[in-house]
Amino acid sequence: MKTIMYRATGDPSVLKLVDREIRDPGRGEVRVRIRVSAVNPTDWKSRRGARPGEPLPFAEVVPNQDGAGTVDAVGPGVEHLHVGDRVWVALAAYQRADGGTAQEFSVLPAERVFPLPENAGFDVGASLGVPAVTAHRALTIAEDGPRRLHPGALGGKVVLVAGGAGAVGHAAIQLAKWAGAVVITTVSGPVKAALATAAGADHVINYRESHAAAEIRRIAPEGVDQIVEVAPAQNAELDLAVIRNRGSIAVYANNGGDQVTLDVRRHFSL
């Protein structure tokens with residue numbers, strides 16, 4: 001089978017196309033014929049590394065965490081998946097040398113493989129993985145919130161999604177709305193506003209054209225219940241201005257390690 005792999009960190013030139021034998025799944029594993037392989041920031045950041053030539057955890061690495069395809073073989077002990085099932089996969093390359101989806105067949109633990117509905121294409125399936133799992137986690141970290149999302153799980157809640165046009169933000173809007181929340185999102189322009197609106201956001205605020213905190217407080221006078229945050233350094237002041245008491249802020253990115261310095265006394269009585 002055709003496989004993309006790399007043996008050292010660096011720019012895209014470290015990626016090599018090689019031929020490998022197709023291996024059989026072991027106990028608790030399934031083999032997926034990959035139809036679509038997706039590239040996430042975590043994939044190219046891992047390939048790039050902190051510096052060119054940085055040692056890898058394995059002699060060779062097959063990249064790409066996410067993808068979609070059909071089950072090609074099932075190992076012993078797997079009962080919920082069957083040959084021919086349409087599936088999407090997540091965290092395929094996590095702590096695995098040869099599990100990534102940048103190959104024709106990927107052998108994976110069954111718990112990283114999920115049924116793909118017939119009305120969802122392989123492109124959609126491959127786009128889930130890291131973004132959707134991250135969004136779900138960000139919406140289920142509140143102390144008084146649900147641990148899993150379902151219709152009504154966020155009923156009566158107001159959720160603010162920063163950067164609603166990004167992959168995680170787009171998924172967070174859809175999941176929060178499906179779970180019953182009122183969803184507010186911030187964007188930087190009309191094209192991104194259209195994407196966020198299409199995802200189901202109730203209120204889309206262009207932070208470059210309005211006073212975002214005032215707009216959010218107008219919509220949610222008591223403050224928002226949860227914030228899904230992509231840029232904490234840039235949005236820390238805004239987040240503190242609109243979060244309610246005992247609200248939750250889930251941060252899933254840090255823009256390369258930006259520092260956040262705040263005078264919290266401006267927002268809370270201490």
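This is a predicted model: local features need pLDDT of at least 70, side-chain atom pairs count only at pLDDT 80 or more; totals for chains, interfaces and linings use all residues.

Reply: Strand 3 (residues 29-38) and strand 6 pair in the antiparallel sense, and 5 bridges join them. Strands and helices are DSSP runs numbered from the N terminus, with at least two residues (E) for a strand and at least four (H or I) for a helix. Two strands are said to pair if DSSP finds at least two bridges between them.

Residues are numbered from 1 along each chain as its sequence is written, and side-chain values use heavy atoms, with hydrogens and water left out.

The pair belongs to an open sheet of 5 strands in the order 6-3-4-5-7, with antiparallel pairing. Strand 6 (105-109) and strand 7 (113-115) are the edges; each has a single partner strand, so one side of each lacks a neighbour in the sheet. From one strand to the next, the twist averages 45°. In general, the strands of a sheet pair through backbone hydrogen bonds, in either a parallel or an antiparallel way.

Thr70 lies in strand 4 (residues 66-74). Its relative accessibility is 19%, so Thr70 counts as buried. Buried means under 20% relative accessible area, exposed means over 50%, and partly exposed lies in between (1.4 Å probe, protein chains only). Leaving aside residues up to four places away in sequence, Thr70 touches Arg31, Val32, Arg33, Gly84, Asp85, Arg86, Val87 and Phe122. A contact here means heavy atoms within 4.5 Å.

Two helices elsewhere in the chain may be described next. The axes of helix 4 (residues 167-178) and helix 5 (residues 190-199) come within 8 Å and cross at roughly 30°. That makes helix 4 roughly parallel to helix 5. Axes are lines fitted to C-alpha atoms, for helices over the stretch in contact, and angles run from 0 to 180 degrees between N-to-C directions. Angles under 35 degrees count as roughly parallel, over 145 as roughly antiparallel, 65 to 115 as roughly perpendicular, and the rest as oblique.

From helix 4, His170, Ile173 and Gln174 meet Leu195, Ala196 and Ala199 of helix 5. Within helix 5, Ala193, Ala196 and Ala199 are buried. These residues lie on the same side of helix 5, because they cover an arc of only 120° around the axis; the arc is that of the directions from the helix axis to the C-beta atoms. On the other side of helix 5, Pro190, Val191 and Ala198 are exposed. The buried residues of helix 5 pack against helix 4, strand 9 (182-187) and strand 10 (203-206). Gly200 follows helix 5 and has a positive phi, near 115°.

Finally, the whole chain provides the setting. The protein contains 7 helices and 12 strands, and 46% of its 270 residues count as buried. Its C-alpha atoms fill a box of roughly 60 × 40 × 35 Å, taken along the principal axes.
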